[in-house]
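Thanks for coming. I will go through one model this morning, beginning with a strand and ending with the charged pairs. Please look at the display first.

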Amino acid sequence: MYKTTEITSAEIASDNPVHQRLLFPYVEAAQLVHGKVLEIGCGWGRGLQLLTQAADHYTGIDKNDALIQSLRQEYPQSTFIQANIPPLSGLADNTFDYIVTFQVIEHIENDDLFVKEAFRVLKPGGTLLLTTVNRLFSLTRNPWHVREYTAEELKKLILRYFPAVQTRGIHGNGKVMDYYERNKKSVEKITRYDVFDLQHRLPRWMLQIPYDLLNRLNRNKLLEADSLAAEIQYTDYQLTNIPAGSLDFFYLAKK
């Protein structure tokens, strides 16, 4: 199977800064969630151990059937559903205490229905925990993403259905931002050859494989240059109260 760099590995050394960045919100979520927890877009299970220990019962949804079958074997006490979402078909209204969905909404065509369905299956008083990338910090167009958001755009979307949303961000310390700046300069050396701005003109499907090849090449190059990529840990990321100035958004919406 062709492996996209969108599926960040915990085993590939050059993926480490992104892996640690994606692990951080799970560490935070594990301190917040309890009761019945639904994860929309559980992937290969980066945060599963943390969430299953915190929840009374965990349910995970993902579109990848082989992945879901594997997780059912590994976590027999939890529930796993293979589905393309939205909608959240087969899940009853007012079912879950918490919904966790990290780095998923940017892949969803109908983001309005996505938020609406999350609201529907949460219990009254239940909470949605959602992360996604801050468009202002993206180094180039990501053709695997349907769209990316600014802090205010994401807030407005969630407030269409939820009465309140706590807007926070995920940002890095000096070590993380040093890596980010090196990455930015390296990406700029590649994109300067895109004189016709094809990254924004061509359809997403035409750009996905070239993007992955160049992204992997760039990550490997940064790792070879020094050891910084390998040194970054999830503890080098932190929550902030300034989402617009953060790498990712960490929003909590209560029903």
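Start with strand β1: four of its five residues are buried, so β1 is largely enclosed by the rest of the structure. Buried means under 20% relative accessible area, exposed over 50%, and partly exposed in between, with a 1.4 Å probe and protein chains only. Helices (H or I, at least four residues) and strands (E, at least two) are DSSP runs, numbered from the N terminus.

Before going on, the conventions: this is a predicted model, where local features need pLDDT of at least 70, side-chain atom pairs count only at pLDDT 80 or more, and totals for chains, interfaces and linings use all residues. Residues are numbered from 1 along each chain as its sequence is written, and side-chain values use heavy atoms, with hydrogens and water left out.

Back to β1. Five bridges join it to β2, residues 57-62, and the two strands run parallel; strands pair if DSSP finds at least two bridges between them. Leu38 stands opposite Thr59 in β2.

Next, helix α4, residues 111-121. Which of its residues are buried? They are Asp111, Phe114, Val115, Glu117, Ala118 and Val121. Seen down the axis of α4, these fall within an arc of 160 degrees, so they line one face of the helix. The arc is that of the directions from the helix axis to the C-beta atoms. The buried residues of α4 pack against β1 (36-40), β4 (96-102), β5 (122-133) and α5 (151-158), contact being heavy atoms within 4.5 Å.

Now the charged pairs. A search of the whole structure finds 12 salt bridges, each a side-chain nitrogen of Lys or Arg within 4 Å of a carboxyl oxygen of Asp or Glu. One of them joins Asp15 to Arg219, with the closest N and O atoms 2.7 Å apart. This pair links distant parts of the chain: Asp15 is in the segment before α1 (16-30) and Arg219 is in helix α8 (residues 204-225), 204 residues apart. Are Asp15 and Arg219 buried or exposed? Both are buried.

Arg120 forms a salt bridge with Asp93, again with closest N and O atoms 2.7 Å apart. Arg120 belongs to helix α4, and Asp93 to the loop between β3 and β4, 27 residues apart. Arg120 is partly exposed at 23% relative accessible area, and Asp93 is partly exposed at 45%.
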